[in-house]
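Me: I would like to go through some helix packing with you. Could we take it contact by contact?

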Amino acid sequence: MVDAGGAALVGRHNPENERSEIYNRIEGYFQKSAGGTIIIKNVHLLTFEKQSVLLHILETEHPDVRVICTAEPELLKMVTEKTFRPNLFFILRQSDIAVPPLKDTTKDIPGIADFFIKRYAAQTGKPRKHLDASAIKALKLYPWPGNVRELKDIVLFAAFHAKGDTITAADISFNLSDTSIFRELHLKNEDAEKQHVIDALKRTEWNKTQAAKLLNISRPTLDYKIKQFNIRKSEM
């Protein structure tokens, strides 16, 4: 696996070669991985120079290597703004897999959290702990700005500090220092505002009290918004 932010700092460089140091180092990854796979993590972090080198290697040398890349959604914007080379983007994007944010796949949270807890127990030799209903509910209500990485950290922290073999909501500590996590409804864009309300209602399974808390508004305000935007439970 190659971290795009440091791709030119790890591979070998031959000073006698007329090519640039960056070219030599990146090319070294492909030579070492011949017949195998290279995973480029966070490909959107490649500098423009590294993008040019990677494009040249793929277009002219045709290495016998399968290339798998990961990237943040901002990559598409970078392509539009010409800060990421479009020709490189389309070479790499022969097929793609979109991974939805954790907040949109709350049904997967218990299984993912349990995986981390199970692995933690195996690595430490400590008894395996389990999430109770209150803990699962708390995890599903949190918006997860840090996605799975944040879930892992929070769950392992809870597993370490929980007394007994059960993790409850009281054992889970979220990072609430960023108040932007809980969106306040004072947006000028009504479409975005409506979508925020719908998202909160979906994630709380139409529990208006919990949805209002998630949106950082009062329950009467939420009722007003539901009526204002004509949001119906049957249509969700």
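Me: At what angle do helix H5 and helix H6 pack, and how far apart are their axes?

Reply: Please note that this is a predicted model. Helix H5 (residues 109–124) packs on helix H6 (residues 133–141) at an angle of about 115 degrees, and their axes are 10 Å apart.

Me: Which orientation class does that give H5 and H6?

Reply: Angles of 65 to 115 degrees count as roughly perpendicular, and H5 and H6 are therefore roughly perpendicular to each other. The crossing of H5 past H6 is right-handed.

Me: Which residues make that contact?

Reply: On the H5 side they are Ile-109, Pro-110 and Ala-113, and on the H6 side Ile-136, Leu-139 and Lys-140. By class, the contact of H5 with H6 has five nonpolar residues, no polar residues and one charged residue.

Me: Moving on to H1 and helix H2: how do their axes cross?

Reply: The axes of H1 and helix H2 (residues 48–61) cross at roughly 50 degrees and come within 10 Å. H1 and H2 are therefore oblique to each other. H1 passes H2 in a right-handed crossing.

Me: And which side chains or backbones meet there, by residue?

Reply: H1 contributes Ile-22, Tyr-23, Ile-26, Glu-27 and Phe-30. From H2, the residues they meet are Glu-49, Lys-50, Val-53, Leu-54, His-56, Ile-57, Leu-58 and Glu-61. The contact of H1 with H2 divides by class into eight nonpolar, one polar and four charged residues.

Me: Where is Ser-20 placed?

Reply: Ser-20 lies in the loop between strand S1 (2–3) and helix H1 (21–32).

Me: Is Ser-20 buried, partly exposed or exposed?

Reply: Ser-20 has a relative accessible area of 36% and is partly exposed. Buried would require under 20%, and exposed over 50%.

Me: Last topic: what is the crossing angle of helix H9 and helix H10?

Reply: Helix H9 (residues 208–215) and helix H10 (residues 219–228) have axes that cross at roughly 100 degrees and come within 9 Å. H9 and H10 are therefore roughly perpendicular to each other.

Me: Which residues of H9 and H10 meet?

Reply: Lys-208, Thr-209, Ala-211, Ala-212 and Leu-215 of H9 meet Arg-219, Leu-222, Asp-223 and Ile-226 of H10. Five of the residues in the contact of H9 with H10 are nonpolar, one is polar and three are charged.

Conventions
Residues numbered from 1 in each chain as written. Predicted model: local features only at pLDDT ≥ 70, side-chain atom pairs only at ≥ 80, totals over all residues. Heavy atoms only, no water. Axes fitted to C-alpha atoms, helices over the stretch in contact; angles between N-to-C directions. Helix = DSSP H or I, 4+ residues; strand = E, 2+ residues; numbered from the N terminus. Parallel < 35°, antiparallel > 145°, perpendicular 65-115°, else oblique. Contact = heavy atoms within 4.5 Å. Nonpolar A, V, L, I, M, F, W, Y, C, P; charged D, E, K, R; others polar. Buried < 20%, exposed > 50% of the residue type's maximum accessible area, 1.4 Å probe, protein only. Left-handed = near helix turned anticlockwise from the far one by under 90°.
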